[in-house]
Amino acid sequence: MEITEVLREDYQRFPRDQTYSIYAEDVYFKDPLNEFRGRDRYQQMIGFIQTWFLNCRMELHDLHQDGNFIRTDWTLHWNTPLPWKPAIAISGWSELTLNDQGLVASHIDYWHCTPLDVLKQHFGFRW
């Protein structure tokens, strides 16, 4: 199965049953809140999302590959486990770079909003 097919399937069931074997052991990850290296740490972050985010789903808008570069455009949706269970959405894109073995060596997420905009959604404000 090609890596783009694996990614499409992973997005459909995110954050459950992700295919961590497509990531290099020392994968570099960065988003507006996190920056680290390591597949184990990446798996822990996804586990945190699965544990604490309610009704979490990833809406994939586009996925394309050009050589060792893959870009995905998406919107992440969830409800936060606060008493009023606010509905949160972050749209953005991911840039993945593959190494010589065809594994994801770098995964960088960009958001179309700021972390403050995400916090405001918890209190009914939309950006």
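Partly exposed means a relative accessible area between the buried limit of under 20% and the exposed limit of over 50%. Keep that in mind as you click through this predicted model.

**Stop 1: the salt bridges**

Select Arg 71. Its relative accessibility is 24%, so Arg 71 counts as partly exposed. Asp 73 counts as buried because its relative accessibility is 15%.

The structure holds two salt bridges. For the other, select Arg 13 and Asp 10. Their side chains meet at 2.7 Å, N to O. Both sit in helix α1, three residues apart, so about one helical turn separates them. Arg 13 is partly exposed at 24%. Asp 10 is buried at 4%.

**Stop 2**

Move to Asp 31, in the loop between β1 and β2 (35-37). Asp 31 is buried but has no salt bridge. Which side chain of opposite charge is nearest? Select Lys 30: it is 7.9 Å away.

**Stop 2: the aromatic rings**

Color the aromatic residues next. The structure holds eight aromatic pairs. Start with Tyr 20 and Tyr 42, an edge-to-face pair with centres 6.2 Å apart and 75° between the planes. Tyr 20 lies in the loop between α1 (3-13) and β1 (23-30), and Tyr 42 in helix α2 (residues 39-52), so the pair ties together parts 22 residues apart in sequence. Both Tyr 20 and Tyr 42 are buried.

Now go to Trp 93 and Tyr 110. Their ring centres are 4.9 Å apart and their planes meet at 15°, so this pair is stacked. Trp 93 belongs to strand β5 (residues 87-98) and Tyr 110 to strand β6 (residues 104-111), so the pair ties together parts 17 residues apart in sequence. Trp 93 counts as buried, at 18% relative accessibility. Tyr 110 is partly exposed, at 29%.

**Stop 3**

Finish on Phe 36. What lies over its face? Select Arg 41: it sits 4.5 Å from the ring centre.

Note on methods. Residues are numbered from 1 along each chain as its sequence is written. This is a predicted model: local features need pLDDT of at least 70, side-chain atom pairs count only at pLDDT 80 or more; totals for chains, interfaces and linings use all residues. Side-chain values use heavy atoms; hydrogens and water are left out. Rings of Phe, Tyr and Trp (its six-membered ring) pair if their centres lie within 6.5 Å; planes under 30 degrees apart count as stacked, over 60 as edge-to-face and the rest as tilted. Helices (H or I, at least four residues) and strands (E, at least two) are DSSP runs, numbered from the N terminus. Buried means under 20% relative accessible area, exposed over 50%, partly exposed in between (1.4 Å probe, protein chains only). A charge sits over a ring if NZ of Lys or CZ of Arg is within 6 Å of the ring centre and within 35 degrees of the ring normal. Lys and Arg count as positive and Asp and Glu as negative; His and the chain ends are not counted. A salt bridge is a side-chain nitrogen of Lys or Arg within 4 Å of a carboxyl oxygen of Asp or Glu.
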